[in-house]
Amino acid sequence: AFCFVAAALMVKLTTYGNVVFITLLGSYPFYEVISSLRKLQPSDFEPCSTKACLYKRFVGTRGVPSTALEYVQVQNGVARPLRLVQNLSLSEPILFNRTISRSRVLLLGPLGGGFVYQWPKANKTNEVDFTVQLCAYFFCLDSSFSVSIWPIWKSKQIHHAEEQVRKWGPNSEDIVTYLESDAGTRQANLDLIHGAETYPLPWFTRFAYQMSHSILDTLEFGYIGITGHSVFSGPEFVQDATCGQDDMAAMKDLCDSTEIRKKIQNPLSGGISVNMYLFAVAMWTCGKIVHDILLLCGVAEEKTLLVGAVTLIFQALAVGAGLMASIGAMQVFSAPAYTEHDHSNNQCHCYYKLSVFRAFSMIAVPLVLYIAEEAKTKRVVQAAALGGDFLYYTMFE
């Protein structure tokens, strides 16, 4: 009898051990790949030297200011970044410390919403002046209480606002000065500008781009009205990427050097999305183990199904946080470009991006987890709730 009891106990313990081992083994890749974002090595990065790096950030990080509404290109050896405008079909340089002037759409524009015209205040190029125009069914009222009919007739206030936007926007003179400010980077800047002139985007992508801008513009409008500053302003504070070098080759060598690479700033090391993802994966894994052990112990299925539903919540949280972390991994990283013996370039940065393989793995992991979460939800809702609960660590045919 003792041998029988011992054998039965050994079988149970072995089964429980299998549950823990197989569950941990299945969760480990999901944990490790995203966890590696916190300990990236200099060799994981590629310098933005041969080609420009395109990025967009709503919140600035160490060395990389916010771009928010703008898609921005940076390249080592090029003095100023470029922003893509007109549905990403044209590029123009961002001048240092100058608030970006632009005409912006609120909600549905002339049909229901309106427009905001933003430009720098005179002699204070980092502060915002603006005119607002509220519209309904193509009849618009501006901040001077003048009426316009869009697009047939514009008030004097709107004419003035449009002139200011054009005045403070990069014009041909700005671009020539920008291009010729450093003869060594002139051709690179030309290549950047001309290389960004054609982005064949489908209509639904352009529509999504415009809608996202419209929503953000509407949110920013309230902030500008209260503070007088643009909360989404930032790319004009991107640091110089020439670092006093005479040509692109010298800048490429500087940014490729081990000394500079060791200074690459990784905001993901303590990022909220990465930490939230790792927490959710840990709780998801523990929940699966608890669920299977309770089911093997004969606990009522009403309780094990509840545990299973909780694990689905943590899995969905991991998917969302993982996608946010992967977006962060697609961004640009920077490193201060001064050396141990030369601190004259302490306001200059080198820019990097993750290698293709590393970046792809960051996107693939949360997508695989999402597919698994979709399949799991269907099984829990359709199979478990109707036909009985099941073990998560293995499948029986």
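This is a predicted model: local features need pLDDT of at least 70, side-chain atom pairs count only at pLDDT 80 or more; totals for chains, interfaces and linings use all residues.
Biologist: Which elements supply the largest nonpolar core with two or more residues?

Modeller: That core has 35 residues, and the ones with the most contacts inside it are Ile 34, Leu 37, Tyr 277, Tyr 352 and Leu 354. Two or more residues come from each of α1 (2–35), α6 (248–256), α8, α9 (301–329), β11, β12 (349–354) and α10 (356–387).

Biologist: Take Ile 34, then; what does it touch beyond its sequence neighbours?

Modeller: Setting aside residues up to four places away, Ile 34 touches Val 274 and Tyr 277, as well as Ala 325, Met 362, Val 365 and Pro 366.

Biologist: Switching to helices, at what angle do α8 and α9 pack?

Modeller: The angle is about 160°, and the axes are 8 Å apart; since an angle over 145 degrees counts as roughly antiparallel, α8 and α9 are therefore roughly antiparallel to each other. In passing α9, α8 makes a left-handed crossing, and by class the contact has 18 nonpolar, eight polar and two charged residues.

Biologist: What about Asn 275, which helix is that in?

Modeller: Asn 275 lies in helix α8, residues 272–296, and with a relative accessibility of 33% it counts as partly exposed. Not counting residues up to four places away in sequence, Asn 275 touches Arg 38 and Gly 270. The C-alpha atoms of Asn 275 and Arg 38 are separated by 9.2 Å, although the two residues are 237 apart along the chain.

Biologist: Where is Ser 269, and what does it contact?

Modeller: Ser 269 is in the loop between α7 (258–261) and α8, where it is partly exposed with a relative accessible area of 32%. Leaving aside neighbours within four places in sequence, its contacts are Leu 37, Arg 38 and Arg 62. The C-alpha atoms of Ser 269 and Leu 40 are 8.3 Å apart, while 229 residues separate the pair along the chain.

Biologist: On to backbone geometry, what are the phi values of Tyr 137 and Phe 138?

Modeller: Tyr 137 has a positive phi of about 55° although it is not a glycine, and Phe 138, likewise a residue other than glycine, has a positive phi near 75°. Tyr 137 is found in the loop between β8 (124–136) and β9 (139–142), and Phe 138 is found in the loop between β8 and β9.

Biologist: How accessible are they?

Modeller: Tyr 137 counts as exposed at 62% relative accessibility, whereas Phe 138 is partly exposed at 36%.

Biologist: Last one: is the peptide bond from Trp 150 to Pro 151 cis or trans?

Modeller: That bond is cis, with omega near -5°, and Pro 151 is placed in the loop between β10 (147–149) and α2 (156–168).

Notes. Residues are numbered from 1 along each chain as its sequence is written. Side-chain values use heavy atoms; hydrogens and water are left out. Helices (H or I, at least four residues) and strands (E, at least two) are DSSP runs, numbered from the N terminus. Buried means under 20% relative accessible area, exposed over 50%, partly exposed in between (1.4 Å probe, protein chains only). Contact means heavy atoms within 4.5 Å. A nonpolar core is a set of buried Ala, Val, Leu, Ile, Met, Phe, Trp, Tyr and Cys residues joined through side-chain atoms within 4.5 Å. Axes are lines fitted to C-alpha atoms, for helices over the stretch in contact, and angles run from 0 to 180 degrees between N-to-C directions. Angles under 35 degrees count as roughly parallel, over 145 as roughly antiparallel, 65 to 115 as roughly perpendicular and the rest as oblique. A crossing is left-handed if the near helix is turned anticlockwise from the far one by less than a right angle, and right-handed if clockwise. Ala, Val, Leu, Ile, Met, Phe, Trp, Tyr, Cys and Pro count as nonpolar, Asp, Glu, Lys and Arg as charged, and the others, Gly among them, as polar.
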